[in-house]
Amino acid sequence: MGFSQFLDSRRDRAKALVKILKEQFSYVSILGADSKSTAIRVDASTSNISNGQDTECGFVVKLNNGSCFFEYAMDDIGEDVATLAEEIKEAFSASAALKQASIEHISLKDEPLVQSFARASDLHEYSDAQLLDFCQKTQKELQGKSENILNAMVALNTMEVSKLFISQNRELDQDYAFIGGVLVLVYRENEKVVQVYNFEGSQNVADVMAALPSKMDALVDRAHHLGYAKPIEPGVYDVITDPSITGLIAHEAFGHGVEMDQFVKDRALAKQYVGQYVASPICNMKDGAASALSIASYFFDDDGVLAGDTQIIKDGILVTGISDLASASQLGTSPTGNGRRQSTRRKAYTRMTNTFFEKGTDKLEDMIASIKHGYMLFETDNGMEDPKNWAIQCVAQYGIEIVDGKLTENYVSPVVMSGYVPDLLKSISMISDDFEICGSGFCGKGYKEWVRVSDGGPALKARVKLG
Amino acid sequence: MMKLESMLRANNQVTDYKINIHQIKSFEMFFVKGKLETVRRTNTCDTQVTVYVSHGEFLGNADFLVYPSTTDEELAELISQAAAKAMLIDNKPYSLPEDETGTYNVESNFAGIRPEDLAATISNIVFDANKLPNGSLNSVEVFLNQHQETVINSRGLNKSQVRYDAMVEAIPTYNGKEQSVELYEQYNFSSLDEASLHQEIADMMLAVKARYEASKPQQKLECKVVLNKQELKELFFSISNHLRYSSVYTHSTVFKKGDAIQKEPTGDSISITMAGAVEGNVRSTKFDSDGLSLGQQKIVEKGKVLAYFGDNQYGQYLGETPTGSLRCLCADTGSLTQEDLDEAPYLEVISMSGLQVDFFSDYIGGEVRLAYYHDGQKLIPVTGISISGSVSQVLNTIRLSSKTATQDGYTGPDKALLSDMKIF
């Protein structure tokens, strides 16, 4: 553990490259990444140790001269920096592609800052053999929980991130780790096969190892109930969302809509609603890599902007959106630390980090008791945004019917929540006084550019269309 | 490469090895409201090494990445570490493909054209397709990739191929007096057909105007539903995902050989063939990551599961001859004609948030952003609705178009008519 020696060895070359390219471009920055991740997976009949999805090593150079941005992604900064600089300049020399009309009047600040960031983790205290051993033992215990389990899978994914950001006036580096653990069951009951999973994440392996086994019984119980789950009768219902579904609403219903690169493209209706009510007055919503500690938490973003803690909705009123360097420069605002790339090989866009509703004052039991007939919705499956027209689609793995203020044994699955964002957000009438954030998934921009995100919050009571 | 292989051979613990090299050169253009916002180039190469260690009755494997900066000392250490990890893995043994060599080019008309020129051509076609008054393309992104892939293993396999792909993400927008609306369009291709690309964007411009004009139906619609190629791709790939060797071996499937996916068929029967390469299909490839040469495998015939498909390891575990990871799906066309459609009212889905297909919970449905309600006489654009149904019931009665379409890995009927769907 510790900042990447490889990136450290390229620090001076990166500075030299910035210096040469500055002769031609008014703004030059270099982001270097050396992130290692390991995926360890054990199921009933196979096991595996492999490179995880978060593994990457490379550099991306970002250039600007007052109009369009240029980016050049590469594996390494070799010793011959001068030749590399010429290659980069040549890559963006005159061509048919570059004769098209460009954005204009871009002015980028490069405020001085030299700082190193690190977050402690116990990851280095565990060998691959120990991690595999934990997965094997946990898998065996989980598999033994029920004869109905066709296959139990236990996985640990470790991620150690080192990033270096160099510009003329900024020199930032960060290193941090995160560990995610997953339990998955393939389960057969009532002549039906179901798949269920549970996630636990922390910057410490010990936390994940302590928490995962405690989730096994609940997972088997959920699988049992889903074996008898029925399709929901489509309609509009009063619902209570668990923190996972609350987070899904925060992320899909409104989070994508306040990504300010969409403001630049006139792709977000929220642009016209800043300062106006967009949600019930009891709603408060935030996003920021510094707003919570999760898999999406970092110290500076991929534009070299320090992590933010942005109040998006305050008492139901839209306060502001989130932004990356390019969108903020076009809007004349300050970037909020939300410039993120899938890897150094991909473009930076405005992306969410930890997105959540803040907790309220209601007790969950009172919220459930207030519903004559409706559903409590659990566990995010997936969702899709429509920031221009504020349509939503959020898929919950399952719901439990509420009758006369009490949760029943009637499960429905899957549950697709759809409708119009303001209708949903303005229907929120109760918010619980607890809070949970979860980061088991990836978020795409459209259908690409996958980055790790977390979301969550308290339980919400709302009225939505389910089908 | 010779040095890497000799170092792998020199390690006594390593029984076998595989090296995957993937070089990508890309050129990308990003437009915001018609103006160039960003131009990107990438020139990167991944070298992934997998070591296999036979220990007792087991075979273990582990992998690592080699970077241009990796020194010989680091490489030796990485090999030793991977071998030690592989010793921890107690999997059933399987063999690697042997003694095949070849150099291939996957068919494309991109070869020989400078990517910056091709990208400019593509962006010009996209913007030219917008002839709609009050229409705009608020965001256009063009990605061009040249992939050079090589697989080498310790059993004499050495294959390489060059393939190209392109992706255009365009956001057709209609700016009306009352509001501005958009749709999402992603178009993937490996050969440029200028007319086809132009038509695709032009069609979406007309569709986005329809979204502007669309309203939520005043009355509940009760009629059959027509899905187009994007949603049919989701539906048919959902079936094929249940028939992968890995899904079958890990029990993550609801189907087995001989099962009827259409239990009481009254519509067109479904037949699906997975293939390595199909003309015009962007996912075409000559071999998979294990180096297995890719042919074809019919997996569903007349509504019944005929066979499985997938990678080397899980194929051998199931006692099959591995087909390799086939990425192209071909579905047989059916008997549905426009004349059939004209007979009754139906709802034709043009754009969804994303069709959800879940065979575990027997569900198909999702939120509809734009559809046309055909009442027998006129087309009425509608929005603000959702559809849902039982996927097993829907497959029983599905009618498949007699016309073929291609969409990102899918080649098959361009439309399907679904009964028993709820519209709400």
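How far apart do the C-alpha centres of domain 1 and domain 2 of chain B lie? I began my notebook with that. The model I am reading is predicted.

**Entry 1: the domains of chain B**

The domain assignment of chain B gives domain 1 as 2–212 and domain 2 as 224–423. Their C-alpha centres lie 24 Å apart. Next I checked how the two domains meet. I found 24 residues of domain 1 of chain B in contact with 24 residues of domain 2 of chain B.

Which elements of chain B supply the domain 1 side? Strand S5 (135–153), strand S6 (158–175), strand S8 (185–189) and helix H4 (194–213) each supply at least two residues. S6(B) gives the most to that side, with four residues.

**Entry 2: the domains of chain A**

I turned to chain A. Its division is domain 1 (5–35 + 52–117), domain 2 (121–160 + 177–226) and domain 3 (235–466). I looked up the C-alpha centres of domain 2 and domain 3 of chain A, and 26 Å separate them. Seven residues from domain 2 and nine residues from domain 3 make up the contact.

On the domain 2 side, strand S7 (170–189), S8 and helix H6 (216–226) of chain A each supply at least two residues. By class, I noted three nonpolar, four polar and no charged residues on that side.

**Entry 3: where the chains touch**

How many residues does each chain bring to the contact? I wrote down 60 residues from chain B and 64 residues from chain A. Strand S2 (residues 35–55) of chain B provides eleven residues, the largest share of the chain B side. The chain B side has 22 nonpolar, 22 polar and 16 charged residues.

I then followed S2(B) across to chain A. Six bridges join it to strand S4 (residues 69–74) of chain A, and the two strands run parallel. One pair I looked up was Phe69(A), which stands opposite Thr38(B) in S2(B).

**Entry 4: the largest nonpolar core**

I counted 266 residues in the largest nonpolar core. Leu185(A) and Val51(B) have the most contacts inside it. Strand S6 (residues 149–167) of chain A gives this core its largest share, eleven residues.

I listed partners of Val51(B), leaving aside neighbours within four places in sequence. Among them are Leu8(B), Val14(B), Tyr17(B), Asn61(B) and Ile79(B). Ala62(B), Ala82(B), Ala83(B) and Ala86(B) are also in contact with Val51(B).

**Entry 5: one residue, Gln195(A)**

Gln195(A) is found in strand S8 (residues 192–202) of chain A. Why does Gln195(A) count as partly exposed? I found 19 C-beta neighbours inside 10 Å, so Gln195(A) counts as partly exposed. A buried residue needs 20 or more.

Val184(A) is eleven residues from Gln195(A) in sequence, and 7.1 Å away in space, C-alpha to C-alpha. Not counting residues up to four places away in sequence, Gln195(A) touches Val184(A) and Val186(A), and also Ser252(B) and Phe360(B).

**Entry 6: one side of a helix**

Which residues of helix H2 (residues 11–21) of chain A are buried? I wrote down Arg13(A), Ala14(A), Leu17(A), Val18(A) and Leu21(A). They cover an arc of only 140 degrees around the axis, so they sit on the same side of H2(A). I recalled the general rule: an α-helix has 3.6 residues a turn, so residues three or four places apart point the same way.

Last, I looked for what covers these buried residues. The cover includes strand S1 (27–42), strand S3 (56–64), helix H3 (81–91) and S6 of chain A.

Key:
Residues are numbered from 1 along each chain as its sequence is written. Chains are lettered from A and ligands numbered from 1 in the order in which they are written. This is a predicted model: local features need pLDDT of at least 70, side-chain atom pairs count only at pLDDT 80 or more; totals for chains, interfaces and linings use all residues. Ala, Val, Leu, Ile, Met, Phe, Trp, Tyr, Cys and Pro count as nonpolar, Asp, Glu, Lys and Arg as charged, and the others, Gly among them, as polar. Two strands pair if DSSP finds at least two bridges between them. A nonpolar core is a set of buried Ala, Val, Leu, Ile, Met, Phe, Trp, Tyr and Cys residues joined through C-beta atoms within 7 Å. A residue is buried if 20 or more other C-beta atoms lie within 10 Å of its own, exposed if 12 or fewer, and partly exposed in between; C-beta atoms are placed from the backbone. Domain bounds come from an automatic or database domain assignment. The arc is that of the directions from the helix axis to the C-beta atoms.
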